[in-house]
Amino acid sequence: MAKPAVQYACTECGYAAGRWFGKCPGCDAFGTLVEEVVGQVGRAKAPPKPLLRLVDVEAEAATRISTGVAELDRVLGGGLVPASLVLVGGEPGVGKSTLLLTALAEMSATHRVLLVTGEESVAQVKLRAERLGGAARVEILAETELDTVCETLESERPDVCVIDSVQTLYSADLGSAPGSVAQVREAAARLLRVAKESGVATILVGHVTKDGAVAGPRVLEHLVDCVLQFEGDRYRAHRVLRAAKNRFGSTNELGIFEMTGAGLVGVPDPSEVFGRTVDGEPGAAVACTLEGTRPILLEVQALVAQSELAMPRRVANGVDTRRLAMIVAVLARHAGIALGQADVFVNVAGGVRIDEPGADLAVALAIASATRRVPARPRLAAFGELGLTGRLRPATQAERRLQECAKLGLAAVVAPSGTPRHGTLDVAEAETLRAAVQAGLERERSEGNDPS
Ligand SMILES: Nc1ncnc2c1ncn2[C@@H]1O[C@H](COP(=O)(O)OP(=O)(O)OP(=O)(O)O)[C@@H](O)[C@H]1O
Ligand SMILES: [Mg+2]
């Protein structure tokens, strides 16, 4: 019989190779490659299985389980799907355990819920539960042995189970250390089977590496039905939950929370919190972005300073750095705002990350305002995607964005041409970035000339 094949896999990124490296070629981490056995050779052949037609499949319309945390329900696409497997990733201390214990406490009123804790002792969980309140009916199991956890789930069959965390689970059969690629993959695959067969909606807590990806192989993300990322600055109170993958709903939804002494509290109206600028302050603009089905107003701040470096800095918090570089280039080429000798810093309020291109115009406006030291018009918001030719592209669902601006009591909006009117909002349509900058900045508008 042939020898079982051996491969070396990185515990950080999942890179696998036929030989060992000191430095992982995939993620450049040192000493992370560990040996693992791939597949068993010479196994018996499996018999074929009869096929089904989809028309013969009986599917009961699964009613989702509401988690009792409105923002979490929104990100999941309307609640937890029974028998699904959800992975929640996030940096240490961001509040994963807190969020899930709150959800379990809420769900325990109507469902049987279980918390498997491998990371904290039962007493530690109890202390947190007391702080959060309402968790009296949550059942708890302190266990890291994978077989025991799976057996318990199969015999107890709770409706919902949270595993905190998947990296602590350990199967003695595999020989490698807990948290290694092989262990995490095995744990996820076994739990997936248990979830589907026993009908347990399972939520796995996963740690993330320094780049923000869920530690362990990417294969974990393929296995599960839903990947949620819990982000935010540990040093600030607001946290953002977003879906990176969702088999049962949209991936654009955002859930916003505030960390308080009594746990995580949902922020149902983030525009109210993040969407305000101080009138007359240069370097700030309000973006009206659309995250999933919800329009959100976010303050974007920019600082432009004379650079001491040969290669000026482009630093962005909450905006993709490449996107920022593009916006800076378009501003230089098409709006006459040269930033070749300047450092540009951009910050989005509340630690929220904007992926949506509709926010381009507000970022450009904030930078233009900072460069020219002219504040944006008071109570103004902006949206629109920036093309490389300096032309503005229409943003999707303009009507909803305008509604949100009107709701927050804004007076004016700069938007791409073709945007419909809305109530008393002064919609300044602009075809090009140059025109949008002119329409958006205070003094330039009243003078009515093009200063560049
Ligand atoms: N008494 C308290 N008052 C306010 N905030 C608190 C209190 N206790 C804990 N926190 C917040 O909870 C956070 C820790 O939350 P939690 O333990 O849920 O994080 P986690 O993501 O599970 O972390 P880990 O990855 O280490 O398990 C702390 O960073 C802190 O901000
Ligand atoms: Mg935790």
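Which residues of helix H11 (residues 433-440) are buried? Select this helix to begin the tour. Its buried residues are Leu433, Ala436, Val437, Ala439 and Gly440. They lie on the same side of H11, because they cover an arc of only 165 degrees around the axis. Buried means under 20% relative accessible area, exposed means over 50%, and partly exposed is in between, with a 1.4 Å probe and protein chains only. The arc is that of the directions from the helix axis to the C-beta atoms. Helices (H or I, at least four residues) and strands (E, at least two) are DSSP runs, numbered from the N terminus.

This is a predicted model, where local features need pLDDT of at least 70 and side-chain atom pairs count only at pLDDT 80 or more, while totals for chains, interfaces and linings use all residues. Residues are numbered from 1 along each chain as its sequence is written, chains are lettered from A and ligands numbered from 1 in the order in which they are written, and side-chain values use heavy atoms, with hydrogens and water left out.

Now show the whole protein. There are twelve helices and 21 strands. The C-alpha trace spans about 80 × 50 × 50 Å along its principal axes. Of the 452 residues, 50% are buried.

Next, select Phe230 and Phe257. They form an edge-to-face aromatic pair, with 5.9 Å centre to centre and 90 degrees between the planes. The structure holds one aromatic pair. Rings of Phe, Tyr and Trp (its six-membered ring) pair if their centres lie within 6.5 Å; planes under 30 degrees apart count as stacked, over 60 as edge-to-face and the rest as tilted. Phe230 is in strand S9 (residues 226-232) and Phe257 in strand S11 (residues 254-260), so the pair links distant parts of the chain, 27 residues apart. Both Phe230 and Phe257 are buried.

Move to Thr289, in strand S13 (residues 284-291). Is Thr289 buried or exposed? Thr289 counts as buried because its relative accessibility is 0%. Leaving aside neighbours within four places in sequence, Thr289 is in contact (heavy atoms within 4.5 Å) with Arg294, Pro295, Ile296, Leu298, Ile354, Glu356, Ala359 and Arg401.

Finish at Val57, in the loop between strand S3 (33-38) and helix H1 (70-76). With a relative accessible area of 40%, Val57 is partly exposed.
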